[in-house]
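Please open the structure in the viewer and follow the stops below in order. The tour begins at a pair of residues and then widens to the whole protein.

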Amino acid sequence: MTSLTRLLILSQFAFNVGFFAVLPYLADHLGGALGLGGWLVGLILGLRTFSQQGMFVVGGALTDRYGARPIVLTGCALRVAGFVWLAFAASTWAVAGAVVLVGFAAALFSPAVETEIAREAVRVEIGGGPARTRTLALFSTGGQAGALVGPVVGALLLYGTGSGDGGASGGHFRAACLAGAVVFAVVLAGHWRLMPGTRPEARRTATEWRPLLRNRRFLGLALAYSAYLLSYNQLYLALPAELDRATGSQQALGWLFALSSVLVVVGQLPLERRAAARLSWPGMVRCGLALIAVAFAATGALLTLGGLWPAVAFTVLLTLGQMLVVPAARACVPELVDPERLGLFTGALSSLSGLVVLLGAAPAGALLERPGPVPWLVLGLVPLLGMVFVPRTVTRRARMAEVTAPT
């Protein structure tokens, strides 16, 4: 493993610790402490996703132009400010503004980091090292290890104080936000010291958008990834709603997020090894989307059992689908685009997905207010539709090795 790969994986781990100490409990805070309706909770969560995923294209384009280091540092600083604001926000509009700032911070940090890990994965593969999906799977594993620690930290802050209120009270949610801000401050300090710069000659002076709009195979991949992200977003909307219905509390939410992360940490590399030996990258994406569709169908079918079984089934199957979709989709992108525009296209993959989540969040929130299996079955159609848009084949090329490496 190269030193740059190690830095990027560790930064993704730390970033997710702070992020997931807060995000799983945001819906409960909005609906409980602030008393917002289901549609408004869904809309605010959609705004958070859009300001993050939807703005990735901006962060990616800036990464192409200025290099990863300044974009990563700016994203970390904005994330600290956003979580401090969210900790003290009391009105609907203040919360919405803080959530948008938190999302935009990640829209700078994440595409810069993802662009660099994609470049490094291709370089390692071309240099005789492991397949790029292995490096990208390691990156996902590092991120999910952070996602494993984060919700547990959040659960301890929110529910481990013996308050007995059964929910995320304003003061405890504030503590979780401030703890997240501290983590992001540490990430900022670490990258300030260790993140390598980029040779000036490797930077573009302008961003050309027309190739993005003309690349039909990439747009098809982006639509398929959009179906995945809209489905995965239900971990923050549908899963809390199901826990409230089944148990009257969301105290199990942190542990279900921990279960999801454990599955990735333990199973991501073995699953990648077996899938990569049998399937193409587009085939891995299609299989992942099929598993996600099964997750929604199984949850709807298990609702009659009561208890935590539907939530557990949803978490496990959705996570398995994610483990196939994410590294395979990221592996496809360098083969579909100009190497000098990798940041732009990496960001666009998430931006288009974020737009779909924004458009679908409020309807999904309203749909989930209905009891019974129908909402789950309807949501299960989304990943099935996404399978239609996955490119049939992706031809491997070696051009990414020509891109100047960070120094």
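Select Y225 and Y228 in helix α10, residues 216–232. Because these two tyrosines stand three residues apart in that helix, about one helical turn separates them. Helices here are DSSP runs of H or I with at least four residues, strands are runs of E with at least two, and both are numbered from the N terminus. The model is predicted, so local features need pLDDT of at least 70 and side-chain atom pairs pLDDT 80 or more, while totals for chains, interfaces and linings use all residues. Residues are numbered from 1 along each chain as its sequence is written, and side-chain values use heavy atoms, leaving out hydrogens and water.

Display the side chains next. Y225 is buried at 8% relative accessibility, and Y228 is buried with a relative accessible area of 4%; buried means under 20% (1.4 Å probe, protein chains only).

Now turn to the rings. The whole structure holds nine aromatic pairs. One of them joins Y225 and Y228, a tilted pair with 5.1 Å centre to centre and 55° between the planes. Rings of Phe, Tyr and Trp (its six-membered ring) pair if their centres lie within 6.5 Å; planes under 30 degrees apart are stacked, over 60 edge-to-face, and the rest tilted.

Then select F15, F83, F109 and F184, which ring pairs link into a cluster.

Finally, show the entire protein. Its secondary structure consists of 17 helices and zero strands. Along the principal axes, the C-alpha atoms fill a box of roughly 60 × 40 × 35 Å. Buried residues account for 57% of the 407 residues.

Methods
Buried < 20%, exposed > 50% of the residue type's maximum accessible area, 1.4 Å probe, protein only.
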